[in-house]
Amino acid sequence: MDIFINKIITLLREKIPLPAETIERLLEAPPDIKMGDYAFPCFSIAKQLGKDPKKIATELSQKLIPDDTVIYINALGPYLNFHISKPLLFRTVLEEITDKGAFYGNSDVGKGKTILIDYSSPNIAKHLAVHHLRSAVIGNAIYNLHKALGYTCIGINHLGDWGTQFGQLIVALKKWGSDYVTASPENSHKQDSTKKEKLTVSKLNELYVRFHKEAKVNNALEDQAREWFKKLEGGDKEAKDTWQSFKEISLIEFERVYKRLGIRFDSYAGESFYNEMLDDTLRRIKDSGLTEISDEALIVNLDKYNMPPCLLRKKDEASLYATRDICAAEYRKREYNFDKMIYVVGSEQRLHFRQFFKVLEEMGYEWVHDCTHVDFGLVKFKQGKMSTREGKVILLEDLLEESCRIAGEIIAEKHPDLENKQEVAESVGIGAIIFSELCTKRVKDVLFDWDVILNFDGETGPYVQYTHARLCSVLRKYGDQVPTDANYDLLKEDDELVIIKQLECFPHTLLRAAYNYEPSILSNHLLDLCSTFNRYYQHHRILTDKKELRKARILLVHSIKQVIRNGLGILGLKSPEKM
RNA sequence: GCGCCCGUAGCUCAACUGGAUAGAGUAGUGGACUUCGAAUCCAAUGGUUGCAGGUUCAAGUCCUGCCGGGCGUACCA
């Protein structure tokens, strides 16, 4: 808390020649709460003065005079430890949480700033599978984090709705899909459509798999696909209508899953959205004198940055991923004038981002330095990497369904008379999945394992939700209005102090999590808080007979509940009151 | 080959800008529900932080070199 830190800085500045910011930077928390609340390591000042750090600590501990805020100062080796008034600490933190409620932890550091977050961005005409989960869930958490910090957030789902694969699908549909009726408006009113099967994402998947299987033995197929994609780019009506139906079918499925996950977007402007603008972008790149022709393809040579070239146009004149990303970046800057733009995309695309960021830089766009690739590790399977082309995937909807089913089973066993079982099972089942994606650092590759992801014990989403439900239960039993004031002298258990410190640093945790684009910092903080509370709960009675103590503890319980709820909300989990 | 990333307990992971004794979960073992929710808690067990150097008062954290793994490396995204 600022009042304590400022007090310590004021005290120290009277005796040592360091600016306030330096002192603040050096201040840290001792490893054990018994050692003190804040520690000032004397190494750097010792070096400056050419003296022994231990001696300095001792001398300072004698010279500094404690008061009502900082009540005791002692030296421990080369560290100067400050002990603050505990009742004042409890009062400050608990009153702030009570005061701010659902907004505790929020700040205005992002006020007036706009951040664009590009996340999820699946390819259409394919099912959402478990490996699509990471980007969506991480991106959503980062969105919520920044929103809490006052940023204006724009969530963009940069749909993969353009590219040669749609040429492939059109060929496949024409060749083997005559039994299907597509969903586009032109076809839906046709009388004979009832006889035909409705095209679905599953059917498209089958066609996609079949195409790649047959293309191995029939070279002509790839050529036809390229031709159809060129027609699509050229605005051919048949190609366009067919593609449009692919997109509509896909979005129905996507939105169903996003809704279940509690994820939303401000824009669905995908790759196709930029078609009309591509030529202008290409012209600007050319005008910057960056391009050259190599093997009939248009490229930007990046040799001097020790990178392979960035391909902008294939020899068949079709555009490429990088072209569309550069174009999209230009458009987004024009349209939103963002202060930051982040791409939540797997780390296998690192080179791609380095390349196209470099092209933007070479084009003279200073704002490229506000763009960040927030990467994350691969989802791996026991059988190896997942491949849509071979049709081997675990569908996201199947995973969600299974998780909710298990949550339902556990509820049926433990609390058969819980009123809204279905709804709670959904919250817990989905929560387990989301949390498991957010509790380790992004860079780590993750091995998909049904047993691990569907385990609800230990460091999991359900554990945090359970703790929340338990806190709610205590508050229900208490019955009365939660007190707004209490005798803070009575809170003197070690765990109460640990808890209050964890509650205290929640706002700082949000800042760190946002700054590092790392939701796991928040999820780990919540796990720590829950763990401390559950231990405390086991050993101390909240609803004790002693009235004043009970009041103080209830206030503490209420604050823990509030912080867990706020934190889970940011991560994208619901906080059921009973489960 | 080259580039980027990662190596911490059997397994999965923590450790804020380098700081005091490297912490959890999980599996296995033993224990705690007539008291506020046992999806919980407690105990014991589990480590030369891949290896070798270097920088520093201080290295899991920074630098160099090895070893091991992942990803990428021109017309997929």
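User: In this predicted model, over how many bridges do β8 and β9 pair, and in which sense?

Analyst: The model is a predicted one, and in it T291 stands opposite V300 in β9. The two strands also form a hairpin, with two residues between them. β8 and β9 pair in the antiparallel sense, and the number of bridges is four.

User: Which residue in the turn of the hairpin formed by β8 and β9 has a positive phi?

Analyst: The hairpin of β8 and β9 has two residues between its strands. In that turn a positive phi of about 50 degrees belongs to D295.

User: In what order do the strands of the open sheet that contains β8, β9 and β10 lie?

Analyst: The edge strands are β8 (291-294) and β10 (310-313), each of which pairs on one side only. Strand β9 (residues 297-300) is joined to β10 by three bridges, and these two strands run antiparallel, with I299 standing opposite L311 in β10. Averaged over the sheet and with direction ignored, neighbouring strands are turned by 40 degrees against each other. The order of this open, antiparallel sheet is β8-β9-β10.

User: Which helix packs on this sheet, touching β8, β9 and β10?

Analyst: The direction of the helix makes about 130 degrees with that of β10. The helix that touches β8, β9 and β10 spans residues 278-287 and is α12.

User: Which residue in β3 does P41 stand opposite?

Analyst: β1 pairs with strand β3 (residues 79-84) in the antiparallel sense, over four bridges. Within β3, the residue that P41 stands opposite is Y79.

User: How far apart are the centres of domain 1 and domain 2?

Analyst: The domain assignment of chain A gives domain 1 as 2-84 and domain 2 as 165-261. Taken over C-alpha atoms, the separation of the two centres is 69 Å.

User: Are α21 and α22 roughly parallel or roughly antiparallel to each other?

Analyst: Helix α21 (residues 519-539) and helix α22 (residues 547-571) pack with their axes 10 Å apart, at an angle of about 155 degrees. Angles over 145 degrees count as roughly antiparallel. The two helices, α21 and α22, are therefore roughly antiparallel.

User: How many nonpolar residues does the contact of α21 with α22 have?

Analyst: α21 passes α22 in a left-handed crossing. The α21 side of the contact includes L522, L526, L529 and F533, and the α22 side includes L556, V557, I560 and V563. By class there are two polar residues and one charged residue, while the number of nonpolar residues is 15.

User: At about what angle do α19 and α21 pack?

Analyst: Helix α19 (residues 494-504) and α21 have their axes 10 Å apart, and their crossing is left-handed. α19 is roughly antiparallel to α21, and the angle at which they pack is about 160 degrees.

User: How many charged residues does the contact of α19 with α21 have?

Analyst: On α19 the contact is made by D495, E496, V498, I499, Q502 and L503, and on α21 the contributing residues include H525, D528, T532 and R535. Divided by class, the contact of α19 with α21 has six nonpolar and three polar residues, and the number of charged residues is four.

User: How far apart are the axes of α18 and α22?

Analyst: α18 passes α22 in a left-handed crossing. Helix α18 (residues 461-478) packs with α22 at an angle of about 145 degrees, and the axes of the two are apart by 9 Å.

User: Into how many nonpolar, polar and charged residues does the contact of α18 with α22 divide?

Analyst: Residues in α18 that take part include V464, Q465, H468 and Y478, and these α18 residues meet a set in α22 that includes R550, K551, H558 and R565. By class, the residues of this contact divide into eleven nonpolar, four polar and four charged.

Conventions. Residues numbered from 1 in each chain as written. Chains lettered and ligands numbered in written order. Predicted model: local features only at pLDDT ≥ 70, side-chain atom pairs only at ≥ 80, totals over all residues. Heavy atoms only, no water. Axes fitted to C-alpha atoms, helices over the stretch in contact; angles between N-to-C directions. Parallel < 35°, antiparallel > 145°, perpendicular 65-115°, else oblique. Left-handed = near helix turned anticlockwise from the far one by under 90°. Contact = heavy atoms within 4.5 Å. Nonpolar A, V, L, I, M, F, W, Y, C, P; charged D, E, K, R; others polar. Domains from an automatic or database assignment. Pairing = 2+ DSSP bridges.
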